[in-house]
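Colleague: Could you take a close look at the nonpolar interior of this model for me, and then walk me through the aromatic contacts as well? I would enjoy one connected account.

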Amino acid sequence: MSSRKIQSALISVYYKDGLAPIAQLLHQQGVTIYSTGGTQTFLQDLNIPVIPVEELTSYPSILGGRVKTLHPKVFGGILHRRDEAADLDQVKQYEIPSMDLVIVDLYPFEETVASGASEEDIIEKIDIGGISLIRAAAKNHKDVVIVSSREQYATLEQILREKNGETELADRKHFAAQAFDITSHYDTAIFNYFNQEETIPSLKISERQSQTLRYGENPHQRGWFHGDLNAMFDQLHGKELSYNNLLDVDAAVLLIEEFKGETAYAILKHNNACGIAVDPNPTQAYLKALASDPVSAFGGVIITTTEVDIATAEELNKLFFEVLIAPSFSQSAFELLTTKKNRILLKKKDVTLPKMQVRTVLNGIMRQDRDAKMETVPELRTVTDKVPTEAEKEELIFAAKICKHTKSNTIVLSRDKQLIASGVGQTSRVDALKQAIEKARSFGFDLQGAVMASDAFFPFADCVEIAHGAGITAVIQPGGSIRDQDSINFCNQNGMAMVTTGIRHFKH
């Protein structure tokens with residue numbers, strides 16, 4: 001029979017919150033309870049009869065608490081098969097009581113690591129008995145209920161109340177699946193702690209939090225997000241984030257990280273910046289970003305480094321956009337922006353971003369370090385006779401930051417800390433430049449005195465020739481082509497400045 005009545009339970013937990021109602025229900029239903037240490041004291045304080053595990057095993061808790069439940073009378077009580085005559089004979093012979101319910105959680109290993117505790121404290125939080133009990137009970141889910149986290153207390157309490165302590169096989173199998181989810185995640189965290197130097201070439205990723213998205217990249221594709229968005233943002237308003245929203249939000253967050261300490265606004269579409277500007281006045285920063293490409297800005301994702309004030313909110317409110325991300329919103333700005341019910345407002349928290357990036361490819365997975373490198377003015381190497389001014393150097397770094405976060409091949413044109421135009425995702429760098437120039441002119445920008453950034457070197461002089469013809473006066477590029485000198489010579493002959501960085505920022 002798949003139905004099993006809970007008649008005995010082992011309870012030994014680190015976190016006691018939420019346990020009292022469960023224990024009281026078990027006591028009311030006549031369940032025999034075994035327990036250890038702090039949990040035993042907790043239950044006894046509730047006037048609930050408890051049999052100490054030490055009484056069952058005839059062994060005290062030893063080695064500073066490292067060994068409490070690791071005993072055949074405990075594991076035999078969990079693992080014996082209720083429909084196997086040989087198992088039943090042995091538990092009778094050795095006076096091993098059945099345990100139908102196991103409520104055990106794990107020492108807080110991840111929390112201890114995150115707290116900056118000593119290695120000794122971290123090692124002590126590697127659970128041995130608890131994880132063994134969970135695995136044993138989950139393995140024998142045909143007969144045993146395993147509750148491996150306080151997150152599952154509500155489900156167990158409902159079963160105890162509504163079914164009077166009886167469980168079906170489907171119930172027990174679901175609890176078992178949750179148990180192995182918890183133990184595999186726990187082991188992954190421990191492995192990654194020990195493998196911080198990555199001497200073992202294995203990739204282990206575990207995310208226990210997830211949400212189902214409305215759909216994937218397209219409506220016919222299913223989609224999920226695995227992770228803790230609440231650690232990254234407070235969603236203050238609007239509809240649920242979609243798969244494509246999340247891709248754009250990710251690109252926006254990575255881009256705006258380059259402008260910490262400045263007042264910046266960026267507008268993104270399809271993971272690329274269509275507008276970005278820096279200005280001491282936040283409203284002007286937004287308006288300059290919008291002017292970069294007011295057509296593409298429609299339906300985009302907007303992000304800023306500064307609080308959204310009412311003056312800027314009034315301008316933002318004139319545009320249809322999907323998502324607005326900011327560190328804070330003034331009350332009046334928030335009230336105005338929430339007049340559109342579907343508009344998503346995210347309050348960005350100060351969170352350290354992952355150092356690794358992971359991507360599925362073919363029948364496997366690639367991973368790489370996140371591109372955390374960004375050049376600074378002192379690192380620029382002037383390769384032309386003409387030396388850029390300090391203002392031009394700052395402008396070149398501004399353009400390079402945008403270039404780094406734009407899909408390759410790319411060319412970025414900027415002036416006065418404003419993106420004028422970019423050529424995005426082209427198979428030819430010449431096409432990327434022509435696209436950027438044409439786009440800039442279509443929105444009425446004068447390119448005289450603008451700067452150009454390229455995400456890779458120039459194998460020929462054609463790009464600087466075209467840039468010079470458009471009025472561009474300074475160029476930043478990685479350098480490294482065997483024909484670098486062709487471009488440098490052209491710049492020298494035509495009064496242009498060029499700097500190289502030695503760093504390539506492809507974004508495929």
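Modeller: Happy to. In the largest nonpolar core, which has 52 residues, the members that touch the most others are Leu26, Ile78, Leu101, Ile103 and Ile146. Helix 10 is the top contributor to this core, with eight residues. Please keep in mind that this is a predicted model.

Beyond its neighbours within four places in sequence, isoleucine 146 contacts Val102, Ile134, Ala137, Ala138, Gln152, Phe175, Ala176 and Ala179. There is also a second, separate core of 44 residues, with Phe259, Ala399, Val412 and Leu419 among its members.

Now to the aromatic contacts. Searching the whole structure gives eight aromatic pairs. One of them joins phenylalanine 109 and tyrosine 186, with ring centres 6.2 Å apart; the planes meet at 65 degrees, so this pair is edge-to-face, the cut-off being over 60. It links distant parts of the chain, since phenylalanine 109 belongs to helix 6 (residues 109-114) and tyrosine 186 to helix 10 (residues 169-194), 77 residues apart. Both phenylalanine 109 and tyrosine 186 are buried.

Phenylalanine 109 also forms an edge-to-face pair with tyrosine 193, at 5.8 Å centre to centre and 85 degrees between the planes. Here phenylalanine 109 is in helix 6 and tyrosine 193 in helix 10, so the pair ties together parts 84 residues apart in sequence. How buried are these two rings? Phenylalanine 109 has a relative accessible area of 2%, while tyrosine 193 has 16% relative accessibility and therefore still counts as buried, the limit being under 20%. Taken together, Phe109, Tyr186, Tyr193 and Phe194 make up one aromatic cluster.

Another ring with a charge over it is phenylalanine 191: the charged end of lysine 204 sits 5.3 Å from the centre of that ring.

One last stop is a polar residue. Threonine 39, in helix 2 (residues 37-45), is buried because its relative accessible area is 2%. A polar atom of the threonine 39 side chain lies 2.9 Å from the backbone nitrogen of valine 13. Setting aside residues up to four places away in sequence, threonine 39 touches Ile11, Ser12, Val13, Lys16 and Leu19.

Note on methods:
Residues numbered from 1 in each chain as written. Predicted model: local features only at pLDDT ≥ 70, side-chain atom pairs only at ≥ 80, totals over all residues. Heavy atoms only, no water. Helix = DSSP H or I, 4+ residues; strand = E, 2+ residues; numbered from the N terminus. Buried < 20%, exposed > 50% of the residue type's maximum accessible area, 1.4 Å probe, protein only. Polar contact = N/O pair within 3.5 Å; in protein donor to acceptor, adjacent residues only side chain to side chain. Contact = heavy atoms within 4.5 Å. Phe/Tyr/Trp six-rings, centres within 6.5 Å; stacked < 30°, edge-to-face > 60°. Lys NZ or Arg CZ within 6 Å of the ring centre and 35° of its normal. Core = buried A, V, L, I, M, F, W, Y, C linked by side-chain atoms within 4.5 Å.
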